[in-house]
Amino acid sequence: MYSGTASLKDEEEFTDILEERRRTTDLGYALRTFNPQPYKGAPYSSTSDLKKAVLESQYLRYIAKEIALETGSSVEKVRQEARGILEEMSHNLQLGFIRLMAYTVNKVFKRLFRSIYVNMEGLNMLQQAIQESPVILMPNHRSYVDFLIVSFILFTYDIPIPVIAAGIPLASMKVVGEILRRSGAFFIRRAIGSDKLYWAVLSEYVRTIVRTGCAPLEFYVEGFRSRTLKSVVPKLGMMDMVLEPYFKGEVFDITLVPISISYDRVVEESLLALELLGVPKPKESTTGLFKASRVLQEDYGCMHVNFGRPLSVRQLCEGKINRSEYNLIPRDLPQRPSTEIQDCVNWVAHLIVRTQEEGSLISPWSLMACLLLQAPITTLTEEGLQWHGLTEKTLWLRKLVLDFRGRLNWPDSDVMSSTVALHHSIVHHKAGRVCLVQDGDPASQDPLSPEEGVMRTAAAVLMLVSYRNQALHVFVRPGILATAIHITKSTQKDELFSFFCFLRDVFANEFIFIPGRASQDFDEACSLLQKCGAVHMSEQEVTVLETGLEVLSFLQKLLQPFLDSYQLIFRYLCENGAHVFTEKQFLPAVQNLATKLILSGDLHTFEVLSSDTQKNVLSALRRLEAVTKLRAGLYITQKELLGGSIPTRFPLC
Amino acid sequence: MSGFSDNIMRLSGRMLSQYPAQRDWDGKLTRAPHPGIIPTCSIVTLSDNLPKQEIMKWNGWGYSDSKFLYNKKGQAEFTGKRYRLSGMIIPGLREWMESTFGANLQHKTPAAPILNSSAVQPPTLNEAFLKELKSTGIPFSHDAEDRVFRSHGHCLHEIFALREGKIGRVPDLVVWPNCHNDVVKIVELACKHNVCLMPYGGGTSVSSALECPPEETRSIVSLDTSQMNRILWIDEKNLTAHVEAGIVGQDLERLLNESGYCTGHEPDSMEFSSLGGWVATRASGMKKNIYGNIEDLVVHIKMVTPQGVIEKSCQGPRMSTGPDVHHFIMGSEGTLGVVTEVTMKIRPMPEYQKYGSVVFPNFEMGVACLREVARQRCAPASIRLMDNEQFKFGHALKPQVSSIFTSFLDGLKKFYITKFKGFDPNRLCVATLLFEGDREKVLQHEKQVYDIAAKFGGLAAGEDNGQRGYMLTFVIAYLRDLGMDYYVIGESFETSVPWDRVLDICRNVKARIVRECKDKGVQFPPLSTCRVTQTYDAGACVYFYFAFNYRGLSDPVHVYEQVEHAAREEILANGGSLSHHHGVGKLRKEWMRETISSVGMGMLKSVKDYVDPNNIFGNRNLL
């Protein structure tokens, strides 16, 4: 037993599940008796039963008829097509392959990680929940390694194996695709767009799994692997499908289990940064997988899998929706949900991601990354940061995190140097100083062009950024308040609140804010700042305390890169951008402008170079209706808005 | 079908007219086709110079002489002579109660034995009204016992309060009109003197409809229709009977049977509920598949309102004369006036009657079978599907078997179903059937239904099981009183729902009840069970039973009400109706607007405003 931090209570103790694996044989483990207690309401159904139920559903019949009418093709043809889609999609969960999977994964994990910590209390609650109602497992997705970790753990602890929603590229990997399919993966195409039949098959497939409760369903509510290691605003398609059986009364309840997976070090760390800078990610392929096997040589520290408290959809939705809206139309027919229902789905999805954030463990390295990024870039790349100062400040930050109720993964001894040693690919520690490691062949004598130099540094910085991002969720709310205080220079609560809401709104694609909870978020920010002694609160006013300057400045600087990035792009669209622009033009143009400004010393952040930031800004502008999408990839700016209210409110500092 | 069930069928079908009347068994069937009631002991009414309440419990269900109790040996027993179960030992009941509720014979919660008249508020009398009433010669009373008896229906909270001796607002006066004209006089006087009238029929309401509104300051007069209990004429050419509305179900059936007819309207409460009450609540009978619900049976209604008497001018079987005014009356729950006389359809008594039952491997298959039966429109007179819990409950109510042979047969059947056919005793469920008509057709019909059942894995399980299922209907209300003696409270409620939602609503409502009980601190898991009791073309009627052990709860009735409220919310969220036949009363008023829309409410209100502008019929039900 190992207790993550002093702040974690006994019930939150973690167990290293690899420990036992190292003591027994892999084969013996893979062949262990597996006898899980399934959902009590579920009659046994095979994968072919499932497929049959989907194909013969009233819903699919109806859609097939509709499509046949629209396209002039025959119903039989459409149904044939649906059968094809279903074949491509379906999982084919088989215990034999679960054993094979467990055997392999076990070997790989033992190689990659020192320990995999799991909270047993969470597993116990899950085991209970699975018998009560259909369970949806909702992990965050930070690494490909995540993909089978939950199945691996559930196999180990005799809990029914989930079926997992995966992207279709995985299916096309030779052999591996089939193994994954038989380990419970089902595959979803990436760009479904308006393919009505595909949507119909997929949604009926998912709903049938939930309705029958034949297996727990696992999916990533964030939609994809977060390249920035920051939580991604949830996608609602799957969430909708998963919740619908509850809304329509087809099940009594559905249990959502948020799962937070945290890594000391992410296997794909260097790929992520390159991808964000526009180097395309390698296509998933089996040979690629073997090439990646050199990553097996590295040490990735520990992994924490934190099973969150099971959440009852019924309880979550109580008072938010009126299920009787489905009373007047047969439930088998497609029905556009009311805005009430849509809002509720959106709310639940955000809540899950927030819960995942709260359940994730912050490593000392994340805190260091926060601090390293606040140093001037030349210090980082050239003379380096003082080791002593950095460790002192990290300890200070640790205390702040605890004040902010963050969960830490703080090993007992030798924290700082072992942390830095683990991340030797990003920083090195020499002679009392810590510097950024910059990739590239040092043997090469070709001098880099200044632009290439920027990209090189950016790659290193973005790696650091991604580790900082793992800790951001703890600081975001007080950080926004600190920023509001900094910019408005106001002490009036009303004024701060209104600016807080404005920032929260602008950054809603960047950070996870639960919709409709602005005032709770503000209150939380206030109370946290008060708790750490940064501000004094009264009925009407928020006054900064002398003792709080350090905290406020840290928080404000933490969010500064976001402000800078957003501002730069806003300015670009106001000044340089044409009325109508394409996404293809926009992204490189912003990158060029940013590179120039970085070189001239007018811009201090590399984060605007990240395609993720750029896309988020675009989404934010569309949400704020400053930019309108004409068609795929083509946008038009609404000058009066962009030139008016947003920038004037947005800080030009 | 298997030879097994064929055998059972041949053993037990019977021609109602074939056997001489002195044979107890058959005599019972000829006179009141009921497994439960022995009608030879006919109900005694006030016209026999004995007030009805003398033979009825004042704080529980039904006849004073009939009740469940645990005898000195600790065995359950049903007393009296009125029912098939009367005088019998029920060996399985105790264990069932103990294991289902965690009840214990040591922990008793006896009821207050007699009514303490001093707990009853003195009547608020309207002297001018009283004076004129006296001059009409219509009998009346302001005796405490008479008033309390008519102050309640049979909701759990009403009975619970009575058992504790707690008496709330009760009517100030009871009047017994003897005929339509008496009612006209009473209503005129009430209007003249601004007295609140509350019609009272059989008193079997389960919707708080008889509760006196506490905010009512006028004198409340309970208008008891029990003396208007005559069949005025029978029209054999048109097969109709003209009947006074105070007649009680079993009397109506018995009297018509004497002339070779029946109405076929048999609500579960038919021993005590009245024709006027059926009309006022839109009642439904067990055999509605053959005879129809009350709205199908009624040909003509006479109702006395503050604006005068409403009735149609003829007895045409169907009319296109604007919205049917009968539908303002049916379901009006005593808010518009008093139904005094009704012409209703009658049928010749059926020649042949046969019970039956089918065991299904699970409830899902059972529902699928009922749905198919409805699709083929071949439902027997009655078809009901009990879930597993209710099946076990029914089992627990089996009286002590007298012969070794019977118990051996029972064992054999059980073995056949659970071992040979592989039914899981914790999942299987039972449908009970009642066929009626001429012999040939019944047998043909029976075969058709059993063939459908076989397609859904159903096995014929004999006539006895079917009959016991229907008997349960009549004694279950008595059982609640036994439960209340031992810390167990419960109630039933119903809904109607489209076919595709039947399984979902059953599962969800039962689960909701269990969850709510847990949340409200109920110590033992509740009994939460249901049955599908009626089939229609487009849906079914579902009945829920719910009971729990309330030891350790400070306000059990409040907990009970919260759970029932939640269960009703669940019903509505799952596409169920507010009520299939119990009505709205005051218990379910809060959901009326969402049920019939604001415009709908406005329509009903405007009728009320026209018919009864001074709210003389002030029971405040429905709206």
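**Entry 1: Y543(B)**

I looked up what Y543(B) touches, leaving aside neighbours within four places in sequence: S492(B), F493(B), E494(B), T529(B), C530(B), R531(B), T533(B), H581(B) and H582(B) are in contact with it. Contact here means heavy atoms within 4.5 Å. This is a predicted model, in which local features need pLDDT of at least 70 and side-chain atom pairs count only at pLDDT 80 or more, while totals for chains, interfaces and linings use all residues. Residues are numbered from 1 along each chain as its sequence is written, chains are lettered from A and ligands numbered from 1 in the order in which they are written, and side-chain values use heavy atoms, with hydrogens and water left out.

I then checked the record: UniProt lists Y543(B) for "active site", in an unreviewed entry. UniProt positions are given in the numbering used here, feature names are shortened, and annotations may be inferred rather than shown by experiment. I found Y543(B) in strand β22 (residues 539-549) of chain B. Helices (H or I, at least four residues) and strands (E, at least two) are DSSP runs, numbered from the N terminus.

Is Y543(B) buried or exposed? Y543(B) is buried, because its relative accessible area is 8%. Buried means under 20% relative accessible area, exposed over 50%, and partly exposed in between, with a 1.4 Å probe and protein chains only.

**Entry 2: a sheet in chain B**

I traced an open sheet of four strands in chain B, with the order β5-β6-β8-β7 and mixed pairing. Two strands pair if DSSP finds at least two bridges between them. The edge strands, β5 (140-141) and β7 (196-200) of chain B, each pair on one side only.

I followed β5(B) to its partner: it pairs with strand β6 (residues 173-175) of chain B in the antiparallel sense, over two bridges. Opposite F140(B) stands V175(B) in β6(B).

Next I looked at the helices on this sheet. Helix α4 (residues 127-136) of chain B lies across β5, β6 and β8 (220-224) of chain B and runs at about 25 degrees to β6(B). Helix α7 (residues 180-193) of chain B also packs on the sheet, where it touches β6, β7 and β8 of chain B, and its direction makes about 150 degrees with that of β7(B). Axes are lines fitted to C-alpha atoms, for helices over the stretch in contact, and angles run from 0 to 180 degrees between N-to-C directions.

Most residues other than glycine have a negative phi. N194(B) is in the loop between α7 and β7 of chain B. It counts as partly exposed because its relative accessibility is 38%.

I also noted R405(A), not a glycine either, with a positive phi of about 60 degrees. R405(A) lies in the loop between α19 (387-403) and α20 (415-422) of chain A. At 54% relative accessibility, R405(A) counts as exposed.

**Entry 3: the cores**

Which residues touch the most other members of the largest nonpolar core? They are F307(A) and F475(A), in a core of 153 residues. A nonpolar core is a set of buried Ala, Val, Leu, Ile, Met, Phe, Trp, Tyr and Cys residues joined through side-chain atoms within 4.5 Å. Helix α21 (residues 450-488) of chain A gives the largest share of this core, 20 residues. Domain 1 (16-34 + 93-359) and domain 2 (475-642) of chain A each supply at least three residues to this core.

I listed the contacts of F475(A), not counting residues up to four places away in sequence: C370(A), L397(A), L400(A), V401(A), F404(A), F554(A), L555(A) and L558(A). Another core, of 62 residues, lies apart from the largest one, and C378(B), I505(B), C506(B) and V563(B) are among its members.

**Entry 4: domains of chain A**

I took the bounds of domain 1 and domain 2 of chain A from an automatic or database domain assignment. Their centres, taken over C-alpha atoms, are 31 Å apart. The contact takes 16 residues from domain 1 of chain A and 18 residues from domain 2 of chain A.

I checked UniProt again: its unreviewed entry places "domain: Phospholipid/glycerol acyltransferase" at residues 135-264 of chain A. That span is 38% helix and 19% strand, and its end C-alpha atoms lie 28 Å apart.
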